[in-house]
Amino acid sequence: DARCRDPGCPQPAGGNLPGLTMRAAPREPGGTAGTAALYLSERVLTQGLNFVVIALVARSYGPESFGFLAYSLALTQFAQILLASGTEPVFVRVFVQQPDLRLQWLGSGASLIAVASVAGAVVLTILLALQGSAQGIDQAGITAACVLTLGLLPSGALVFEQLLRSRTEALAILRVRATAGLAVGAIKVAAVLAHAPLVFVTAAFALEAWIVALLYLHLASRQGEGIGRWSLRRDAVSALMRQLGPSSASGVVNAAFFRINHVVIPAVAGFASLGQYALAMNLVSVLDNLIGVVASALYPRLSGHADREPASLMTAVARLARAFAIAAYAFAIAALLLGPWLVPRLFGPAYAEAGLVLPVLALAAIPSWSVLARSLFLTATGQFAATGYAMAIGLVCVVPATFWLSPSYGAIGAAWAQCAGLFCAAFLASLVLPSLHPIGRVQVRALVLRT
């Protein structure tokens, strides 16, 4: 192992890079619970700031402008998921399994994502400009939307975050994300309170991505793993492309599923309806992201189960699925009781419809979090394509349902379409696809709160 820590050491060729001792990532003090708590602390802080920003933007700019901003953010976030978050399972897995090759995985992965980031930013800029012009958005709004794409450019540096996740170095991630979130969150709030043009708000979103990237590169340098030591190797690039293909395809389908309504609603009901839907979706996403943080914190441990104790993996996922189901039921009940009353008071009477949309999207958390538990099992066992197949089934359901319901029922119709699509992706897919039958049984038992 010592000789492989030298970046100049010749490494074995081939996609699987054999000859290494497989071992789990080291854990920070406090174990998985402590790691999850740190991840949750970071996300609570940043999501709290985002909640304030969203509330101020929605109140200050109105449903139509907020709808176009939501449309632009959805497309940008789709690209971010594809470039960074969607590739997380692959990178975490290779870093956990082959830690001595981390420098070549870092260099090769960052290079791949950097090239894709530039291409994605160019394509999105053109798409937003064309769509904005076609929908009658003024030049200032189109410029504000296009500025968001600048935040895609530093995505390659986020490969280092996946290395930290594989080591469960949650405190380091907390410091980086909290520093960037606090600094830029203050800028966003100040811009909205000063009634600045929307472009200042979107520029702050892009600035946050650059600050995060620079902080990670600084941290990598301090740990002796600076970008100057990262290496680009053809065999590592080939191996990554083979693994990222199924994972990225699943990420594309998954991201498309959760953002397709942001594209369909403006076409059939206008940006004002999208503003109502997007506000409710953002409120639901606050809790969705917190649940996702728990899943991210648990993933390295589950991946280790898959390698060392396969029999215990299903038991761990079953317990997690039941916990997610309990949380989803509680959330749905709370949203039903409080949503129609609370949303108009927080965001203004113009968003009364969003208060009715919120309980429907909260109900969709039941299948959504079941999908999350299933995805943890599938990625831990390397079945990346299965997640994409399941979400494709849901996508086939949600698109026609949105086109059918949104023209007559607006944002509420789109929310019911999303809910129906999630139930299809979560449970119908697990019944239809033979490879998902074992985990499907776990999902059904969790739905009735059994393990």
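In the predicted model, aspartate 235 counts as buried, its relative accessibility being 15%, below the 20% limit for that class. This residue belongs to helix α8, which spans residues 234-269. The side chain of aspartate 235 makes a polar contact of 3.3 Å with the side chain of arginine 233.

Aromatic contacts were examined next. A pair of aromatic rings is described by the distance of the centres and the angle of the planes. The structure contains 9 aromatic pairs. In one of them, the ring centres of phenylalanine 66 and tyrosine 351 are separated by 6.5 Å and the ring planes stand at 90°, so the arrangement is edge-to-face, a term applied to angles over 60 degrees. The two residues come from distant parts of the chain, 285 residues apart: phenylalanine 66 is in helix α1 (residues 31-83), while tyrosine 351 is in the loop between α10 (310-347) and α11 (352-363). Phenylalanine 66 is buried at 4% relative accessibility, and tyrosine 351 is buried with a relative accessible area of 1%.

A single aromatic cluster is formed by Phe68, Tyr71 and Phe271. A contact between a charge and a ring involves lysine 188, whose charged end sits over the ring of phenylalanine 205 at 3.8 Å from the ring centre.

Helix α13 covers residues 384-432, 49 residues in total. The C-alpha atoms at its ends are only 17 Å apart, whereas a straight helix would reach 72 Å at 1.5 Å a residue. Helix α13 also contains a kink of about 150°, centred on tyrosine 409.

Notes:
Residues are numbered from 1 along each chain as its sequence is written. This is a predicted model: local features need pLDDT of at least 70, side-chain atom pairs count only at pLDDT 80 or more; totals for chains, interfaces and linings use all residues. Side-chain values use heavy atoms; hydrogens and water are left out. Rings of Phe, Tyr and Trp (its six-membered ring) pair if their centres lie within 6.5 Å; planes under 30 degrees apart count as stacked, over 60 as edge-to-face and the rest as tilted. Helices (H or I, at least four residues) and strands (E, at least two) are DSSP runs, numbered from the N terminus. Buried means under 20% relative accessible area, exposed over 50%, partly exposed in between (1.4 Å probe, protein chains only). A charge sits over a ring if NZ of Lys or CZ of Arg is within 6 Å of the ring centre and within 35 degrees of the ring normal. The expected span of a helix is 1.5 Å times one less than its number of residues. The bend at a residue is the angle between axes fitted to the seven residues ending there and the seven starting there. A polar contact is a pair of N or O atoms within 3.5 Å; within protein, one must be able to donate a hydrogen and the other to accept it, and residues adjacent in sequence count only if both atoms are side-chain atoms.
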